[in-house]
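Please consult the sequence and structure shown here alongside the text.

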Amino acid sequence: MRSRCCRPRAASLGLVFGVLLFSGCGGTLDNTTHVSGTVTFDGKPLPAGMIVFEPDPAKGNRGQQGHADIKDGRFDTRSSGKGVAIGPQVVRITGGDGANPEPFTPFGKLLFEEHTVRLDVSKEPSAFQLDVPSPKHKKK
Amino acid sequence: MNVRRGFTLIELLVVIAIIAILIGLLLPAVQKVREAAARAKCQNNLKQIGIGLHAYHDANGRFPAGATVANGLSWRVYVLPYVEQDSLYKLFDLGAGAWNGGTNREGPNKMVHALNRISVFNCPSVPVIQASNGSSTLVDGRKTFTSDYHGVAGPKGTNPVTGAAYAVDANPTGNGGFALQGILGKDTKTRFASTIDGTSNTLMVGEVSVKWNSNILESDGADWVRGMSGNGMAGCRNVQNAINTPYTGVYNDISFGSPHNGGAQFAMGDGSVRFVQATVDLVVLKATASMDGGEIQIAN
């Protein structure tokens with residue numbers, strides 16, 4: 001009999017704890033969003049590399065820097081947990097052939113010098129198709 | 001009439017459960033305290049380094065060069081007499097030539113001295129204290145010690161005040177070049193007077209720990225003696241990326257970072273030590289890294 005009287009209280013306690021546990025998690029800061037997409041080098045998916053999204057202060061954008069690993073030509077900033085500040089970006093891409101990664105050459109043999117693109121990131125989830133031109137074409 | 005009875009099974013289980021919960025609460029707390037102690041030690045190391053650099057400035061009228069091209073040595077060698085390591089400093093050959101010359105890569109009398117562990121150069125929270133880079137290992141197999149504290153060579157990117165790019169000495173081999181507007185960079189001769197933004201508003205030395213491929217934290221893999229090797233800068237870092245950014249493949253741009261939760265500690269130009277959060281506005285971080293950019297907002 002006694003134990004029955006306490007059940008609603010236990011249930012409400014559980015509810016309070018549940019709310020405390022799960023509130024405040026998930027979602028990003030207001031001015032950031034997550035971006036994903038593909039990176040190709042000379043038309044082929046980039047085997048391994050890294051992409052960094054830096055808000056462009058020259059165009060008045062401020063905020064934190066986002067980054068993501070590139071694996072088999074795909075990237076998603078959700079994997080690093082650091083979102084991208086919405087607005088104009090300076091995007092820097094580094095990458096290599098992905099063969100024999102060592103601690104100091106995590107992407108294998110680098111295929112190109114750091115590549116920089118400027119683009120806009122909007123609030124809506126967006127996917128980008130980026131291509132790094134082969135240095136051979138650039139020299140011409 | 002004997003009313004004594006033993007504990008029931010339920011009672012015993014309840015007691016054991018309570019003890020388990022208490023231990024469960026205690027263990028993470030102990031870990032937290034250990035990390036807090038390590039962080040305080042690290043803070044103290046940076047303070048000692050800051051004071052050492054100021055003592056160097058008092059004696060020589062300027063800060064040491066962050067990385068000297070001619071003899072390949074880092075600022076850490078020059079600060080040795082001011083962190084109670086004068087006898088080690090006297091052994092160094094400050095003449096021109098690579099830091100790891102000779103058949104055994106000893107220098108000579110340069111890299112071989114990195115076999116000495118200088119505790120003020122290592123953060124106790126970083127598990128790896130030996131240099132993992134092949135060029136920092138003697139040919140006979142002996143491993144040198146690394147340092148977790150690096151000079152701030154300056155920012156790379158756009159100055160928010162002028163809209164122009166920060167000054168960078170570009171180099172063609174893909175190591176990221178050398179930022180020029182920091183206190184400790186390539187061949188710098190910074191004086192207090194040249195830190196126009198104010199010494200208390202400028203980063204001087206900060207923590208560098210990177211999760212390399214195996215996900216183990218360590219510094220940049222170089223010994224603490226090395227400052228410059230070709231176009232690769234080891235004693236100082238450009239501020240191109242946010243704190244705690246993984247390695248992007250550009251050696252001179254390895255980001256500042258630490259195992260301490262949420263950011264990294266820096267010694268400022270005035271010798272004070274600050275903790276800078278990893279989520280700080282990147283523009284503000286770069287503004288704080290430059291000594292003469294004229295920016296107003298400063299990370300703290």
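A:His67 lies in strand β5 (residues 66-71) of chain A; helices (H or I, at least four residues) and strands (E, at least two) are DSSP runs, numbered from the N terminus. A:His67 is buried, with a relative accessible area of 7%, where buried means under 20% relative accessible area, exposed over 50%, and partly exposed in between (1.4 Å probe, protein chains only). Apart from neighbours within four places in sequence, A:His67 is in contact with A:Met50, A:Ile51, A:Val52, A:Thr77, A:Ser80 and A:Lys82, and also with B:Thr245 and B:Pro246 of chain B; contact means heavy atoms within 4.5 Å.

The model is predicted: local features need pLDDT of at least 70, side-chain atom pairs count only at pLDDT 80 or more, and totals for chains, interfaces and linings use all residues. Residues are numbered from 1 along each chain as its sequence is written, chains are lettered from A and ligands numbered from 1 in the order in which they are written, and side-chain values use heavy atoms, with hydrogens and water left out.

**Chain A and the interface**

Chain A contains 3 helices and 10 strands, arranged along the sequence as α-α-β-β-β-β-β-β-β-β-β-β-α. Of its 140 residues, 40% are buried. Among the contacts in chain A with a separation of 6 or more, 65% are between residues 24 or more positions apart.

The contact between the chains takes 23 residues from chain A and 29 residues from chain B. About 2100 Å² is buried between them, and carbon and sulfur atoms give 55% of this area; buried area is the accessible area (1.4 Å probe) that two parts lose on being put together, summed over both. The interface has 2 salt bridges, each defined as a side-chain nitrogen of Lys or Arg within 4 Å of a carboxyl oxygen of Asp or Glu. There are also 10 residue pairs in polar contact between chain B and chain A (both at pLDDT 80 or more). A polar contact is a pair of N or O atoms within 3.5 Å; within protein, one must be able to donate a hydrogen and the other to accept it, and residues adjacent in sequence count only if both atoms are side-chain atoms.

| Pair | Type | Distance |
|---|---|---|
| A:Arg62 and B:Asp281 | salt bridge | 3.0 Å |
| B:Asn238 and B:Asp253 | side-chain polar contact | 3.0 Å |
| B:Arg226 and B:Ser136 | side-chain polar contact | 3.0 Å |

**Helix α4 of chain B**

B:Asp281, which forms a salt bridge with A:Arg62, also places a side-chain oxygen within 3.1 Å of the backbone nitrogen of B:Val283 at the start of α4(B). This helix (residues 282-289) is mostly covered, 8 of its 8 residues being buried. The cover over these buried residues includes β4 (48-55) of chain A, together with β1, β4, β9, β10 (263-268) and β11 (273-277) of chain B.

B:Asn238 belongs to strand β9 (residues 236-239) of chain B and is buried, with a relative accessible area of 1%. Not counting residues up to four places away in sequence, B:Asn238 touches residues including B:Lys156, B:Phe178, B:Met233 and B:Asp253.

B:Arg226 sits in the loop between β6 (217-218) and β7 (228-229) of chain B and is buried at a relative accessible area of 4%. B:Arg226 and B:Gly72 are 154 residues apart in sequence, yet their C-alpha atoms are 6.1 Å apart in space. Beyond four places in sequence, the contacts of B:Arg226 include B:Gly72, B:Trp99, B:Ser136 and B:Tyr251.

**Nonpolar cores and cysteines**

A nonpolar core is a set of buried Ala, Val, Leu, Ile, Met, Phe, Trp, Tyr and Cys residues joined through side-chain atoms within 4.5 Å. The largest has 41 residues, among which B:Leu53, B:Val205 and B:Trp224 touch the most other members. At least two residues of this core come from each of α1 (9-60), α2 (75-79), β1 (149-155) and β4 (203-207) of chain B; α1(B) gives the most, with 5 residues. A second, separate core of 24 residues includes B:Leu203, B:Met268, B:Val284 and B:Ala289.

Over all chains there are 0 disulfides, a disulfide being a pair of cysteine sulfur atoms within 2.5 Å. B:Cys42 is buried, with a relative accessible area of 0%.
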